[in-house]
Amino acid sequence: MRCHLGLPVVIQVPPVLDDGTPFPTRYWLSCPLAVRRVARIESRGDIALIEARARDDLDFGQRLDDAHERYRIERDGLIPEDATHRPQGGVAGASFGVKCLHAHYADYAAGFARGHGDNPVGEIVAAEIEPLDCSVRCVVDARRNPDWVEPRGQS
């Protein structure tokens, strides 16, 4: 997924790194604005609130479980057969619940760009952090742009 300025918001990461290290996070949030905004949500303690919702709201909890399973199947389908070590779990390596809002949002955004990928946690995060509305590129020539500032008005 790319932002309106053409930079990647989410990148794909291989499930096994070049040195053989298993990497459970399939989609990595690379947008500095999104990373900052999601960090604010995490620092408020929203992971606990979302996990409580997953326990109390059966539909939401099932959608979260389904997201973990879809993520695991997609990632595991890309693991080379000769891999010595394999990543575990679903989104961000979690088997259940919520481990990282950044990973859930990245999964949601990548899925949205592909036309699938229901992730109820990522959906909640998206509603709070979007639009990603920078007026200048955050990165220029593979370096952080010193002229980039976070747009005002969001969380």
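A residue counts as exposed when its relative accessible area is over 50%, and as buried when that value is under 20%. Keep these two cut-offs in mind as you visit the close-ups below, which all come from a predicted model.

**View 1. Ala142 sits in a loop between two strands.**
Start with the loop that links β3 to β4 (143–144), where you will find Ala142. Its relative accessible area is 77%, which is over the 50% cut-off, so Ala142 is exposed. The backbone is worth a look here too: phi of Ala142 is near 65°, a positive value in a residue that is not glycine.

**View 2. Ala92 also has a positive phi, but Ala92 is buried.**
Now move to the loop between α3 and α4, the place of Ala92. Phi of Ala92 is near 60°, again positive in a residue other than glycine. Is Ala92 buried or exposed? With a relative accessible area of 7%, which is under 20%, Ala92 counts as buried.

**View 3. Asn119 is a buried residue in the loop between α4 and α5.**
Asn119 has a relative accessibility of 0%, and therefore counts as buried. Which side chain does the side chain of Asn119 join in a polar contact of 2.8 Å? The partner is Asp107. The side chain of Asn119 also reaches a piece of backbone, the nitrogen of Gly122, at 2.9 Å. Leaving aside residues up to four places away in sequence, Asn119 touches Ala67, Arg70, Val91, His104, Asp107 and Tyr108.

**View 4. The largest nonpolar core brings together 34 residues.**
Within this core, the residues with the most contacts are Val10, Leu29, Leu101, Tyr105, Ile129 and Leu132. At least two core residues come from each of these elements: β2 (27–29), α1 (32–43), α2 (46–56), α3 (58–76), α4 (101–114) and α5 (120–129). Which helix gives the largest share? That is α4, with seven residues.

**View 5. Helix α2 has buried residues on one face.**
Look for Asp46, Ile47, Ile50 and Ala54, which are buried in α2. Seen down the helix axis, the buried residues of α2 fall within an arc of 105°, so they line one face of the helix.

**View 6. Phe112 is an exposed residue of helix α4.**
Phe112 belongs to α4. Its relative accessible area is 63%, over the 50% cut-off, so Phe112 is exposed. For a sense of scale, find Asp147 as well: Phe112 and Asp147 are 35 residues apart along the chain, and their C-alpha atoms are separated by 30 Å.

**View 7**
Pro131 has its place in the loop between α5 and β3 (139–140).

**View 8. The largest cavity has a volume of about 70 Å³.**
Rolling a probe the size of a water molecule over the atoms shows where empty space is left. How many cavities of 30 Å³ or more are counted here? The count comes to one. The largest cavity is lined by 14 residues, and those closest to its centre are Cys3, Leu7, Cys31, Cys134 and Cys138.

How values were computed. Residues are numbered from 1 along each chain as its sequence is written. This is a predicted model: local features need pLDDT of at least 70, side-chain atom pairs count only at pLDDT 80 or more; totals for chains, interfaces and linings use all residues. Side-chain values use heavy atoms; hydrogens and water are left out. A nonpolar core is a set of buried Ala, Val, Leu, Ile, Met, Phe, Trp, Tyr and Cys residues joined through side-chain atoms within 4.5 Å. Buried means under 20% relative accessible area, exposed over 50%, partly exposed in between (1.4 Å probe, protein chains only). Helices (H or I, at least four residues) and strands (E, at least two) are DSSP runs, numbered from the N terminus. A polar contact is a pair of N or O atoms within 3.5 Å; within protein, one must be able to donate a hydrogen and the other to accept it, and residues adjacent in sequence count only if both atoms are side-chain atoms. Contact means heavy atoms within 4.5 Å. The arc is that of the directions from the helix axis to the C-beta atoms. On a 1 Å grid over the protein atoms alone, a cavity is a set of points where a 1.4 Å probe fits but cannot get out, and a pocket is an open set with protein on both sides within 12 Å along at least five of seven lines; lining residues have an atom within 4 Å of a point. Grid points are joined across faces, edges and corners, and a volume is the space filled by probe spheres set on the points.
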